[in-house]
Amino acid sequence: MIAPMLLAVAVAIDPCAPVGPAQKRDVAAAEAYLDVADQEQRGGAVDTAAAAYRSALRVDPQNAKARAALASLCRRATAGEQFGEALRRMESGDRRGAITLFERIRAAGPDPASALLEGICQYELQEDEEAVPLLREAERDPTLAPSAQLFLGLVSLRQGGGEEAARSFESAAARDFAIAPTAASLLRLARREGRVVFSLLGGPSADSNVDLAPDGSPTAGGSEDAAGTVAASFLVRPSGESGPFVRASGTYRKLTRFTQFDLGVAEVAAGWQLGRERRHALAEYSYDFLSLGGDSYLSAHRVLVEGRWTFQKVSLAASYAARFESFLTGAAAPYSGTRHLAELSGEWRFGGGSAIGLSYGAVRDLTDDPTLTYVEQGPHAYARFPTSPTLRFVFDASVSRRRYDEPDPAFAARRADTYVDGAAAAELDFADQWTGRFWVAARKSFSNVSDFAYTELSGGVTLTFAIGLL
Amino acid sequence: MRIAAFLAVLCLAFGALAAGEDHLLAGAQLFRERRFQEAYVEFTVAGRLGAGGDAAWYAAATLVKLQRPEDALEAFAAAERAAPSVADPLLDYYRALACYDARLFLCADRLLEGVGDRTGPRIGAQARKMRADIAALLVNEPSADSIDWYHAHGAEARKEGRHSLAALYFAEAAALARRRPDRHREAEARASLADLRKEIAP
């Protein structure tokens, strides 16, 4: 537009500036000014209204209406400036600074918009107790209710209240079509979360090398096989995500040909997580029991400690576990011992659940038979990308090198292996509690002992049902 | 600026200020100082206190300076109804600016055509530049979407009771429709215009 370029921008009127009286009082003019001021204010022209109120007060300093209206405009202007500054601080990540200003605005009178944004700041600072009353206050304003409910749902979800969160997300989605897609995604999550979570999984898979025979395998007819897997798990965390938890799970994989490798796993665990997913410390004890081919195979106790710290988009984690393994068959008994596992990881989190990450892991397996003791270490990279609220892709790649401590007399060599792994999966949420997963994986094992060099390709489809019960 | 100079001369010539004319003069002074909000208030108050039809024209021109083109167009229409004799090329220039800012390009062009050099060389040059810009904007056949835009704004203004503004949007829609072979919604625009003119008529 030409006109704005040709014309100087009018200087804003400051409704808070003092008004000097005119030389003589003019009540009639004051009334005319007030008429103009009221008309301009009704039309939303606050600057012009302020100018008219100031003129009314100038010619009639006793005019209470002009004085009150000007004071009101002054308050609004001050609040507007503070609101703008608070928003700027919030967007720059200075949530504490923003909260201070929002509180100042709200101290002058109810302000649902400030309550909402202050509540969001508190939520982002993980101060849920402070956030909830603010979000409830904002919820009373019909125009802000959907946004407030969305964040109330997030608070409930974080506290493990899956059902309550689901109700909030449903309500938000129903009221505002613009936030409905986000609310629907969260609703799916909420229905799978809770203080008690039960999940079931099942599906077929295929493996090109079930017994991990070396390439050029001596196994007649190869060792590829198909399998069916079922699994169930039960998680109880009375305080939600942060607090104590117990978990029990069971898995059974049935092969069609090599039934000696049918695998059953039962696990029970108990632990305590301090903090939410983004920043937490966790300690856990678990007990695993494995059966292989229908026979008892392994009994293992494990202790795990883990920490995660996330700042904005960067998430760093470290974990350490010690697993005390007792193999229960004669052939596997020498593998018994203590296995130490440690990992450091860094992750860059994009919006919408996308992330790329890099980790470095190390394993030290101290077996009863010193010839089986080894160190394994290597990097691992991964990425996950949702392409829609219901479809996600996950990619993994890793390289690890294993070195045994001592020569193995059976092979007259000190074994050294390198494993290259790759995997990809697509996950599709069919419904709030149902997810389908298609996956493929490959491993190439290189070894200085040819019996341990092999290739394995596997893939499968699983269907998972997960429900938050409380 | 010329408004302010004109008013100052007027007041000096008469040597006394009639009812509301002190506000008219104060408005002119504020306008000169580019204090447009206050100038608008003074011109409007001057009109209410009986300063005559001029005040409404100057208030409308000040709304252009305040970048409120739709309000200005409504105000110009009201001023024209109240005091048609006051109109002059300079006020037409301001009115054309309001049309331009409201995307009423044909309206602006029509007014600028009458401005010519009658307002002095500087504004004359600006008017010619604006007409050239408008000609460039309208060189292509208007799209159906753009005509729909004028219909939508006309309907919205009518709903808000801003009939003069609505009439301008429908007039623009009709004029643009005539630049298309299919005369997209021309009859509808003319019908709306006819209805509005009945409503606007005193």
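Which residue in S13(A) does Ala424(A) stand opposite? I found that Ala424(A) stands opposite Val440(A). I note that the model is predicted.

**Entry on strands**

Strand S12 of chain A covers residues 416-431, and strand S13 of chain A covers residues 434-447. The two run antiparallel and are joined by 14 bridges. They form a hairpin, with 2 residues between S12(A) and S13(A).

I then followed S13(A) to its other partner listed here, strand S14 of chain A, residues 454-468. These strands also run antiparallel, and 12 bridges join them. Within this pair, I recorded Trp434(A) opposite Phe465(A) in S14(A). S13(A) and S14(A) are connected by a hairpin through 6 residues.

**Entry on cores**

I asked how many residues the largest nonpolar core has. The count is 87. The residues with the most contacts inside this core are Tyr33(A), Tyr53(A), Ala56(A), Ala60(B), Cys99(B) and Ala108(B). Helix H10 of chain B, residues 163-177, gives the most to this core, namely 12 residues. Another core lies apart from it and has 35 residues, including Phe102(A), Leu117(A), Leu157(A) and Ala183(A).

**Entry on one residue**

Which residues does Tyr53(A) touch, leaving aside those up to four places away in sequence? I listed Ala37(A), Ala66(A), Ala69(A), Leu70(A) and Leu73(A).

How values were computed
Residues are numbered from 1 along each chain as its sequence is written. Chains are lettered from A and ligands numbered from 1 in the order in which they are written. This is a predicted model: local features need pLDDT of at least 70, side-chain atom pairs count only at pLDDT 80 or more; totals for chains, interfaces and linings use all residues. Two strands pair if DSSP finds at least two bridges between them. Helices (H or I, at least four residues) and strands (E, at least two) are DSSP runs, numbered from the N terminus. A nonpolar core is a set of buried Ala, Val, Leu, Ile, Met, Phe, Trp, Tyr and Cys residues joined through C-beta atoms within 7 Å. A residue is buried if 20 or more other C-beta atoms lie within 10 Å of its own, exposed if 12 or fewer, and partly exposed in between; C-beta atoms are placed from the backbone. Two residues are in contact if their C-beta atoms, placed from the backbone, lie within 7 Å.
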